[in-house]
Amino acid sequence: MRLIPFALLILCGAVQAAPEVVSLDQAGVLYEQHCQSCHGVNRLGGAGPALLPESLSRIKPDEARAVIHNGRPASQMAAFGDRLSSAQIDGLVSYLYQPAATAPTWSDDDIRASHRILADVAALPSTPQHGADPLNLFVVVEAGNHHVRVLDGDRFEELANFPSHFALHGGPKFSPDGRFVYFASRDGWISVYDLHNLTMIAEVRAGLNTRNLAVSNDGRWVLVGNYLPGNLVLLDARDLSLVKHIPAVAADGTQSRVSAVYTAPPRDSFVVALKDVKEAWELSYAGEPDFQPRRIEAADFLDDFSFTPDYRYLLATSRKALGGQVIDLDTGKAVTDIPLPGMPHLGSGIYWKRGGDWVFATPNVSKGLISVLDLQSWKLIKEIPTEGPGFFMRSHLNSPYAWTDVFFGPNNDAVHLIDKQTLEVAHTLRPMPGKNAAHVEFTNDGRYALLSVWDTDGALIVYDAKTLEEVKRIPMNKPSGKYNVGNKIEFAEGTSH
């Protein structure tokens with residue numbers, strides 16, 4: 001009697017075969033068969049990007065699964081949905097997010113072997129060949145399809161559009177004269193592009209997982225900060241040839257990743273935040289430098305930082321302190337904690353004059369508010385409520401407003417314009433309702449503001465910065481950072497550094 005219902009269950013399909021499960025070892029074999037030729041032995045990268053957990057940290061597993069199944073448009077990444085089963089793709093994704101069995105390394109020899117000279121600068125004209133104002137160009141990182149666009153900031157017309165390495169950092173840096181722009185990809189590729197001649201000059205892989213880079217104010221050096229391996233890599237700014245690497249090791253011997261590196265022009269130095277030890281470093285590039293770090297003891301681990309207008313103090317984001325800390329670069333001492341709630345994004349904060357005194361404002365990645373600080377007393381002046389946590393703030397000397405996004409949460413289609421004197425939200429824009437609006441940058445004269453809509457079907461939207469009327473809409477695939485040459489090389493008030 002018991003066999004009849006069991007047979008019926010089989011006939012009805014209620015008893016299913018066990019689902020296919022692909023082990024990590026099997027997934028490793030699949031990687032070798034289908035992925036290694038492009039993404040390299042040990043997942044270190046090749047024609048395709050590195051596929052290490054550190055390199056994939058910004059991509060969710062579901063997105064990685066979709067890319068393997070469907071491919072990536074406008075790239076060499078093919079679709080594997082017709083060759084691999086769902087279980088095999090799931091296994092591959094699990095494998096890619098597993099740390100490598102042996103910690104990957106990237107030596108000086110590896111860096112030198114990756115170095116490529118793509119054009120002879122000496123043979124190129126030294127003046128702009130495109131007719132646009134060289135100080136009013138915009139360099140736009142189009143993250144959705146891994147391209148870079150160069151725009152004329154007067155006519156908002158495209159001058160160049162070229163493929164980039166995988167996952168460029170959204171904030172390229174410029175030579176002091178604005179001729180060259182330097183890019184860093186998350187998997188360690190550094191590139192230099194000539195904006196006068198609209199051509200790539202050189203590239204090198206400085207690491208396996210790179211945080212960002214900085215360019216010295218004399219135009220001689222590029223310093224790259226790496227998560228993996230944890231070090232600084234110094235390059236010759238002319239052709240990106242390797243000068244030296246500097247291990248990110250604390251005074252007590254503890255190894256660290258590098259959180260951020262920026263140049264401090266009045267100090268003729270690079271300033272570095274370390275992620276895993278309580279130190280900030282200053283490396284002078286004045287004269288004939290040896291690039292030995294001056295170690296500054298911090299009160300906490302540092303994730304990112306901004307400078308005060310005189311470049312004497314760092315306002316640094318801390319994970320354990322009360323929001324952040326102030327570090328005096330002259331004395332090498334931590335001055336005070338900054339009592340801010342949540343997780344302020346101090347590296348994206350900006351300063352301006354209010355009633356004759358400097359103030360500093362920072363978005364917050366975990367709370368819907370903008371914190372405004374007095375840069376004399378380090379006291380909180382005001383918390384400005386917003387529709388959700390934000391990531392970027394921008395302004396311009398000639399603009400009455402500080403523009404801030406609501407990058408996280410359900411209201412991420414909103415952008416607030418804060419009156420810099422009253423510290424009230426004066427306007428709220430929704431450029432493309434339902435789509436993430438973020439990151440504003442101004443033309444060199446401050447007349448126009450360019451805003452990104454971070455969506456596959458997104459856009460770069462140009463606003464009249466005074467009337468707030470839309471001037472132009474340029475369709476783009478997730479435009480992330482866009483930077484005006486003049487504002488960046490002048491370290492203009494209201495932009496990032």
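Which residue of S19 stands opposite Tyr313? Asp328 in S19 does.

1. Basis of the model. This is a predicted model, in which local features need pLDDT of at least 70, side-chain atom pairs count only at pLDDT 80 or more, and totals for chains, interfaces and linings use all residues. Residues are numbered from 1 along each chain as its sequence is written, and side-chain values use heavy atoms, with hydrogens and water left out.

2. Confidence. The mean pLDDT of the protein chain is 90, and 93% of its residues reach 70 or more; pLDDT is the predictor's confidence in each residue, from 0 to 100. Over residues 6–15 the value stays under 50, and the model has 2 contacts there beyond four places in sequence. A contact means heavy atoms within 4.5 Å. Where pLDDT is low, the predicted coordinates should not be read in detail.

3. Helices (H or I, at least four residues) and strands (E, at least two) are DSSP runs, numbered from the N terminus. Two strands pair if DSSP finds at least two bridges between them. Strand S18 (residues 313–318) pairs with S19 in the antiparallel sense over 5 bridges. On its other pairing, S19 is joined to strand S20 (residues 333–339) by 6 bridges, again antiparallel. Within that pairing, Ile327 has Ala334 in S20 as its bridge partner. S19 and S20 form a hairpin with 4 residues between them, and Gly332 in the turn has a positive phi of about 75°.

4. Cover of S19. Strand S19 (residues 323–328) is mostly covered, with 6 of its 6 residues buried. Buried means under 20% relative accessible area, exposed over 50%, and partly exposed in between (1.4 Å probe, protein chains only).

5. The sheet of S29 to S32. These 4 strands make an open sheet in the order S29-S30-S31-S32, with antiparallel pairing. Strand S29 (437–442) and strand S32 (470–476) are at the edges with a single partner strand each, so one side of each is left without a neighbour in the sheet. From one strand to the next the twist averages 20°; angles run from 0 to 180 degrees between N-to-C directions, and axes are lines fitted to C-alpha atoms, for helices over the stretch in contact.

6. Pairings of S31. S30 and S31 pair in the antiparallel sense over 6 bridges, and a hairpin joins them through 4 residues. Ala449 has Tyr463 in S31 as its bridge partner. Tyr463 also stands opposite Glu470 in S32. Strand S31 (residues 458–464) is joined to S32 by 6 bridges, and the two run antiparallel; here Ile461 stands opposite Arg473. The hairpin of S31 and S32 has 5 residues between the strands, and Leu468 takes a positive phi near 65° in it.

7. Why is S31 described as largely enclosed? The description applies because 7 of the 7 residues of S31 are buried. Both faces are covered: Gly458, Leu460, Val462 and Asp464 are buried on one side, and Ala459, Ile461 and Tyr463 on the other.

8. Aromatic pairs. Rings of Phe, Tyr and Trp (its six-membered ring) pair if their centres lie within 6.5 Å; planes under 30 degrees apart count as stacked, over 60 as edge-to-face and the rest as tilted. By this rule the count comes to 20 aromatic pairs. Phe156 and Tyr448 have ring centres 5.3 Å apart and planes at 85°, so this pair is edge-to-face. The pair links distant parts of the chain, 292 residues apart: Phe156 is in the loop between strand S3 (147–152) and strand S4 (157–163), and Tyr448 is in strand S30 (residues 448–453). Both Phe156 and Tyr448 are buried.

9. Phe407 is buried, with a relative accessible area of 14%, whereas Phe408 is partly exposed at 29%. Ring pairs link Phe391, Phe392, Phe407, Phe408 and Trp454 into a cluster.

10. Charges over rings. A charge sits over a ring if NZ of Lys or CZ of Arg is within 6 Å of the ring centre and within 35 degrees of the ring normal. The charged end of Arg43 sits over the ring of Tyr95, 4.7 Å from its centre. For Arg205 the ring is that of Trp106, with the charged end 5.1 Å from its centre.

11. Helix H5. In helix H5 (residues 86–96) the buried residues are Ala87, Ile89, Gly91, Leu92, Val93 and Leu96. These buried residues pack against helix H2 (24–34) and helix H4 (61–70).
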